[in-house]
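Let's walk through this model together, one piece at a time. Have the viewer open and follow along.

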Amino acid sequence: MLRALVTGGSGMLGGSLCNILKNRKIEVFAPTRAQLDLADIFMVRDLLTEINPDVIFHCAASVGGIQANIDSKSKFLTDNYVIDFNLLTSAREKKIRNLAYIGSSCMYPTGIDIP
């Protein structure tokens, strides 16, 4: 049976994806933020070793509304860089060949000069 790790599985997008995968008889692992701190590379490595997924759907992100983006400036960019780096680096180390990254421009501060 195919095994999938879905980060952000309790969010709107990740939760919908989990339902679709389960309906297709794919074994889904969707740890909560309390179960997996993506900012902790050792936790990420340990989880990937434990579940050995065939595919990763990366839907997790540090997010907030418009006011949070205004108040926090680069916080979301920095937080998301860390969790993305940890997951992508760990997946490469574990030789996980299938990964879908789902992101939104909302996670970056307004006016940042990055394509």
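Helices (H or I, at least four residues) and strands (E, at least two) are DSSP runs, numbered from the N terminus. This is a predicted model, in which local features need pLDDT of at least 70, side-chain atom pairs count only at pLDDT 80 or more, and totals for chains, interfaces and linings use all residues. Residues are numbered from 1 along each chain as its sequence is written, and side-chain values use heavy atoms, with hydrogens and water left out.

Start with helix α1. Its twelve residues (12–23) should span 16 Å at 1.5 Å a residue, and its end C-alpha atoms are 17 Å apart, which agrees; the expected span is 1.5 Å times one less than the number of residues. Just after α1, K25 takes a positive phi of about 65 degrees.

Which residues of α1 are buried? They are G14, G15, L17, C18 and L21, where buried means under 20% relative accessible area, exposed over 50% and partly exposed in between (1.4 Å probe, protein chains only). Seen down the axis of α1, the buried residues fall within an arc of 160 degrees, so they line one face of the helix; the arc is that of the directions from the helix axis to the C-beta atoms. These buried residues pack against β1 (3–7), β2 (27–29) and β3 (55–58). The face turned away from the buried side carries the exposed residues M12 and N23.

Now for the interior. A nonpolar core is a set of buried Ala, Val, Leu, Ile, Met, Phe, Trp, Tyr and Cys residues joined through side-chain atoms within 4.5 Å. The largest one has 13 residues, and L5, L38, V44, L48 and I56 have the most contacts inside it. Its largest share, four residues, comes from α2. Leaving aside neighbours within four places in sequence, L38 is in contact (heavy atoms within 4.5 Å) with T7, V44, H58, A60, V82, I83 and N86. A second, separate core of ten residues includes V6, L21, I26 and V28.

Finally, look at the rings. A search of the whole structure finds one aromatic pair. Y81 and F85 are stacked, at 6.1 Å centre to centre with 25 degrees between the planes; rings of Phe, Tyr and Trp (its six-membered ring) pair if their centres lie within 6.5 Å, and planes under 30 degrees apart count as stacked, over 60 as edge-to-face and the rest as tilted. Being four residues apart in helix α4 (residues 75–93), Y81 and F85 are separated by about one helical turn. Y81 counts as exposed at 54% relative accessibility, while F85 is partly exposed at 39%.
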